[in-house]
Amino acid sequence: MKKITLKPFQVNAIEGLKKEVLHRWRRDTRQDIKFQSPTGSGKTVMMAQFVRDLVNAPELSNADFAFLWVSIGGSSDGDLAYQSRNKFDEYYGGASEVAVTGLDSLSREKKMEQNEILFFNWSKIKTRNKDGRKLRRENEQEITWDGMIQRTHAEERDIILIIDEAHNSSSTLLAEEEIRLINPKMVIHITATHRDQSNIDVHVTPQEVVQAGLIKELIKSQTQQDFKDKRVKDLDKHVLKLSLKKRKEIASLYKKEKVDVNPLLMIQLPNDDRANQEEETKKESVLRWLKEEGVDENTVAIWLDKEKTRLENITMHNNGIDILLFKQAPATGWDCPRAQVLLMYRETKDPVFQVQVLGRILRMPEGKHYTKSKLNSSYLYTTYTKNEIIDNYGNYQGENQLAIFRASIKKAIEQIKLKTFVSQRTSYNDLGKTFQFTFIKTANKAFDKKKSFQSCFTFGEEVELDLIVDQDIRDYDGFIQAIKEADSLGQKMSRNDIEKLYKKLCIEILHKQEEETKFKNIARSYGKLKSAINVWFEKYVGIRDKNEYYPCVVNDLNRGANSILLPVINKALEQYVSVRSKEEEERDKKKVDTKEILIPLSDFSYTSNYEEISSTKCAMSPCYVNKNNENERKFIEYLENNASVEWWYKNGENGSEHFSIRRDSGNLFFPDWFIKTKKDIWVVDTKGGFTAEGESAVSRAKALDIWLKENKNFKGGLVKEVSGLWKIAKDTKLEKWVDWNFE
């Protein structure tokens, strides 16, 4: 096994951390230490030596302590905790006074031993999956994670908590309440860039890491010269050819220098690259283009959730794989120093440039710089625009998110046994063919005061993308500021690319609908939206040439808040809610079953779309709310400030574990809230704007009214805010609303 020799800056950082711990050890309160070191600086190796030094420190010879290392990430090949644990084992060489363990060491009598460091992934503790239930199982405290922590403290053994990637962990995944449950003597927060830059205790600079030869001198972006033909035929294919050419150039330079390194081109595919099963995915397009360029398929590896090919030994410097296609897997913690060229394709649904992926092309293969300066750089090609990097960094949500926040019912609350309905029908939750009529009617009405529809739009403009060019990124962790100062290129789009962008914009519009609209089946809906716009332009605006009106539509939709089409689309979507609901009710009058559930649920998990809030009356602890639902927040504020309310509970929006009521049509709806007052239990549904009116709202009101008459122990109804006051409907036709104060 190759011995790892620490660089001088690493030795200094380890000594600095050790001094901070020794200086604060005897203080009575919990001590938080902030360690900041750039990506690629070897933070895990430094921490391995720091842990060993602390265990052997003469000043702590009478102390009894153990370490917890918490990481974030999934449980697949990209598990950061697993990788960190392996790095510790590698550094220690299998023999050490430090015991390196993980969650697999948990047992009925498990407690942390002196000088042990236990690595864990916080999602394993927080989720409701099989592993999470095993670790946090109720009524069997002795075999749980919580039990291990309690037994460790019972031994009067202190815990030093180390939080990796602390800029993410400590503010979201690792809530302060959970830290208090661990009750550590010290918390060491490790990250490349702390959110709060004040009071950094130990700081390694990017310059120190570059000078030591561990990371590249810079990352070079695509150049204006790369786009000298201002209208390339297909932008996606063009940047692929550029990245292939660069990888080939770098490989040739390594051979001339007699360095046995085969540079790897990493191609990040969009997560949402198929909106229609009949379309070619980006992966399929890229593989086809690679074949057209003469690339041997045996030199291409694939790393996707359900497809992993040719990944064996891919991180070795001279491995024969030239190209890796991936989406998310290698984004965090993956160490492949030969990765040197990165191509990032723009996401369709939520175009957010994931800066952390750049970290995969930072490291130097042999921990030193070469005489050829091009070998000391990495290279970035991308179809993302400058604005998408600046405005959206850090806000990525994505689909099928892991449930990372866990809440449990408060002990004092008595659960309610109810029957809920389990639907046997299938609702596609999509736009139907009839959406075209709603859109045309809405558009004609919106523009009827104009002299002509054509005069409302500007035709003949080119469509341009504000691509990043000629940018040298020398501070990876300060990337966003660097991009703000970067040059950009207005790349004229080809007809092929305009059509792709038109599709992407339709998909984005549907993904960004108001929550109440709920047309979430994008694969079945985006084509209906695009078709409705096309028909309106050709039939009513009078422009039948797609080459003429496609650029017009794309430019208008790209204007965001200044778009004149976007408000019309949103209005048509709103008005189509009741139309589609009626269509589905007529189509889907099918059998439903019932089952018994307990409300509130004993525990539930939430995705990162939710955030923790302070609440005294929420039935769940901690209390999580949707980040983007202002109407919900206003209602919670009303409940929290009402003296009559003892507790409240937010019902789920779908799924058989949540409470639902059957409408006459056979459709189900899920009332929003259960509220326990001093006298009653209320079941209410809160909506705002158009969702508190119309046939769909009336249908909910009637169903809830029937249920309340059958369940006389409850009160309730539809509730809405009017000018700062909450009112409840007094009739199922929703014609009369009165002030509501739980009377």
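Which backbone nitrogen lies 3.3 Å from a polar atom of the side chain of Ser221? The backbone nitrogen of Asp470 does. This briefing describes a predicted model. The chain has 743 residues, and 54% of them count as buried. Its secondary structure consists of 20 helices and 32 strands. Among contacts in the chain with a separation of 6 or more, 73% are between residues 24 or more positions apart.

- Ser221 belongs to strand E8, which covers residues 218-221.
- The relative accessible area of Ser221 is 10%, and buried means under 20%, so Ser221 is buried.
- The side chain of Ser221 has a polar atom 3.3 Å from the backbone nitrogen of Asp470.
- A polar atom of the Ser221 side chain also lies 2.8 Å from the backbone nitrogen of Gln471.
- With residues up to four places away in sequence not counted, Ser221 touches Leu380, Ile468, Val469, Asp470 and Gln471.

**Helices H1 and H2**

- Two packed helices are described by the angle between their axes and the distance between the axes.
- Helix H1 spans residues 8-24 and helix H2 spans residues 43-55; their axes come within 9 Å and cross at roughly 45°.
- That angle makes H1 oblique to H2.
- H1 and H2 form a right-handed crossing.
- From H1, the contact uses Phe9, Gln10, Ala13, Ile14, Leu17, Lys18 and Val21. From H2, the contact uses Met46, Met47, Gln49, Phe50, Asp53 and Leu54.
- Sorted by class, the residues of the contact of H1 with H2 are nine nonpolar, two polar and two charged.

**Helices H10 and H11**

- The axes of helix H10 (residues 235-256) and helix H11 (residues 282-292) come within 11 Å, with a crossing angle of roughly 55°.
- H10 is therefore oblique to H11.
- The crossing in which H10 passes H11 is right-handed.
- On the H10 side, the residues in contact are Asp236, Lys237, Leu240 and Leu244. They meet Lys282, Val286, Trp289, Leu290 and Glu292 in H11.
- The contact of H10 with H11 has five nonpolar and four charged residues, and no polar ones.

**Helices H15 and H17**

- Helix H15 (residues 495-511) and helix H17 (residues 546-557) have axes that come within 10 Å and cross at roughly 45°.
- H15 and H17 are therefore oblique to each other.
- The crossing of H15 past H17 is left-handed.
- H15 contributes Arg495, Ile498, Glu499, Leu501, Tyr502, Leu505 and Ile509 to the contact. H17 contributes Lys546, Asn547, Tyr550, Pro551, Val553, Val554 and Leu557.
- The residues of the contact of H15 with H17 comprise ten nonpolar, one polar and three charged.

- Asn626 lies in strand E24, residues 623-626.
- Asn626 has a relative accessible area of 14%, and the limit for buried is under 20%, so Asn626 is buried.
- Neighbours within four places in sequence aside, Asn626 is in contact with Asn609, Tyr610, Glu632 and Arg633.
- Helix H19 covers residues 630-640, and its buried residues are Asn631, Glu632, Phe635, Ile636, Tyr638, Leu639 and Glu640.
- At the start of H19, the backbone nitrogen of Asn631 has a side-chain oxygen of Asn629 within 3.3 Å.

- Asp593 is in strand E20, which covers residues 592-599.
- At a relative accessible area of 30%, Asp593 is partly exposed.
- Asp593 and Lys419 are 174 residues apart in sequence, and their C-alpha atoms are 9.9 Å apart in space.
- Glu312 sits in the loop between strand E11 (307-309) and strand E12 (323-326).
- The relative accessibility of Glu312 is 68%, and exposed means over 50%, so Glu312 counts as exposed.
- From C-alpha to C-alpha, Glu312 and Ala301 are 9.4 Å apart in space, with a sequence separation of eleven residues.

How values were computed
Residues numbered from 1 in each chain as written. Predicted model: local features only at pLDDT ≥ 70, side-chain atom pairs only at ≥ 80, totals over all residues. Heavy atoms only, no water. Buried < 20%, exposed > 50% of the residue type's maximum accessible area, 1.4 Å probe, protein only. Helix = DSSP H or I, 4+ residues; strand = E, 2+ residues; numbered from the N terminus. Polar contact = N/O pair within 3.5 Å; in protein donor to acceptor, adjacent residues only side chain to side chain. Axes fitted to C-alpha atoms, helices over the stretch in contact; angles between N-to-C directions. Parallel < 35°, antiparallel > 145°, perpendicular 65-115°, else oblique. Left-handed = near helix turned anticlockwise from the far one by under 90°. Contact = heavy atoms within 4.5 Å. Nonpolar A, V, L, I, M, F, W, Y, C, P; charged D, E, K, R; others polar.
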